[in-house]
Amino acid sequence: MIIIGAGVAGLSAAEALLDAGVDFLILEASGQAGGRVRTLETFADFPVELGAEEIHGPENAVHVLASNQGQSALQHYTTDDFFRLDGELRLLDQAAADADVQAAFDFIAGLGNYRGENWTAQEVLIRQHFPRRAWHYLDSRLGVEHGTTLDRLGMRGFANYERGWEARETNYTLATPYIGLFRPAIERIGPRLLLNSPVASIEWGADPVLRLTDGTRMEADRVLVTASVRVLRENVIHFDPALPPEKIEALHCVGMDHGMKIILRFHERFWDEKMYFLHTDGFLPQFWVPGKGKSETSLVLTAFIGGSRAETLQRLQVDPVEFALGELDTIFGANLASRLFEAGHVADWGADPWVRGLYSYPTILTTNSVRETLAAPLGGRVFFAGEATDTHGHSGTVHGAMATGRRAAAAMLA
């Protein structure tokens, strides 16, 4: 068997194949395993996550894995969130006394019960005459956290989401590098993992034949593809015969946008020491303090954008670090961010040729049957995994990727 991609789905499948005693190789296009789990370990005196950062929920597979490895998870609360309202910074629980802010809370709480028209989140807000004063909180909590913007996020897609996905109090981060959770798996796989081995094509009419970009030819009984939605949609891997029309259509029905994390380090802290998240009314709707509970000396803020906002920055050809500092200068005043700035780093996932975006989200075209079509094998020979193929409400998460890798491995073995 051959697994394409050493992200979380591929690594999870590989461990299942190891346990079953099956001969396999795992081909990774880039020079490192982990996929969209990637850690910057030298920027600060704590690990700064460039990709996946949060663990959504106390009982999912990632949290269990961390617990089994003896790694402590830090729980975060909305009482540590700040909200900019009418030009002033307030603690979120204080802002909640405002009727418009409470309306935003109620909107999020009702996502799973939405049974209205097949509209985007933005269209629903417009049709409800939702107050603009609190709109930006939904930009942050819904648009940004799903790697997109409200004009692309389909409301009906939340009906199948895991209950509590949006609940801040059920989210955790690790004091240790996120990639550390998967290093034991990488070590177990050992020489079966081939880095810098991008696949150019898959011939799957009979027993699969793979060709790498360097011309290497490989044969396998079964192949597992864990490439991202955008990599498959943009034909980075050529399929012969071509992918069935229904799978191609499904790839265009699931959202996955360009996006980036903008990481900023400062000489001094100019934000409230209590702050974890900051929900702003600027172009960058969300900042957070990744070192909260991990470091008292490295002063770092992270901003995260995707969707049309990320594409706008790209078109404007602005330096994301300078732009983020300008946003913070506007919020905190006195050019504090610019004056105290020390170093920056941009993790531009849209520019990564082997990922090409953030993670999947529901558009107005996304249904559970669409994700089932993405996950469906080709002729019992080529299988698919990755968070976008999850059909149990965990898409867009690391634990969703883990579950799909295990599911695909079981199907291949069967």
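Is Gly 393 buried or exposed? Gly 393 is buried, because its relative accessible area is 5%, and buried means under 20%. Keep in mind that this is a predicted model.

Where does Gly 393 sit? Look at the loop between β23 and α14.

Thr 397 is buried, with a relative accessible area of 5%. What does its side chain reach? The side chain of Thr 397 comes to 2.5 Å from the backbone oxygen of His 394.

Next, helix α14 itself. It packs with helix α2, residues 61-68. The angle is about 90 degrees, and the axes are 7 Å apart. Angles of 65 to 115 degrees count as roughly perpendicular, so α2 and α14 are roughly perpendicular to each other.

Which residues meet there? From α2, we have Ala 61, Val 62 and Leu 65. From α14, we have Val 398, His 399, Met 402 and Arg 406. By class, this contact has five nonpolar residues, one polar and one charged.

Let's stay with α2 for one more residue. His 63 lies in this helix. Is His 63 buried or exposed? Its relative accessible area is 18%, and the limit for buried is under 20%, so His 63 is buried. What does His 63 touch, leaving out residues up to four places away in sequence? The list is Ile 55, Gly 57, Pro 58, Ala 73 and Tyr 172. Take Tyr 172 from that list. His 63 and Tyr 172 are 109 residues apart in sequence. Yet their C-alpha atoms are 8.6 Å apart in space.

Last stop, helix α13, residues 368-375. Which of its residues are buried? They are Val 370, Arg 371, Leu 374 and Ala 375. An α-helix has 3.6 residues a turn, so residues three or four places apart point the same way.

And what covers the buried residues of α13? The cover includes α9, residues 245-253, and β16, residues 254-256. It also includes β22, residues 360-362, along with β23 and α14. That brings us back to β23 and α14, the two elements on either side of the loop that holds Gly 393.

Key. Residues are numbered from 1 along each chain as its sequence is written. This is a predicted model: local features need pLDDT of at least 70, side-chain atom pairs count only at pLDDT 80 or more; totals for chains, interfaces and linings use all residues. Side-chain values use heavy atoms; hydrogens and water are left out. Buried means under 20% relative accessible area, exposed over 50%, partly exposed in between (1.4 Å probe, protein chains only). A polar contact is a pair of N or O atoms within 3.5 Å; within protein, one must be able to donate a hydrogen and the other to accept it, and residues adjacent in sequence count only if both atoms are side-chain atoms. Axes are lines fitted to C-alpha atoms, for helices over the stretch in contact, and angles run from 0 to 180 degrees between N-to-C directions. Helices (H or I, at least four residues) and strands (E, at least two) are DSSP runs, numbered from the N terminus. Angles under 35 degrees count as roughly parallel, over 145 as roughly antiparallel, 65 to 115 as roughly perpendicular and the rest as oblique. Contact means heavy atoms within 4.5 Å. Ala, Val, Leu, Ile, Met, Phe, Trp, Tyr, Cys and Pro count as nonpolar, Asp, Glu, Lys and Arg as charged, and the others, Gly among them, as polar.
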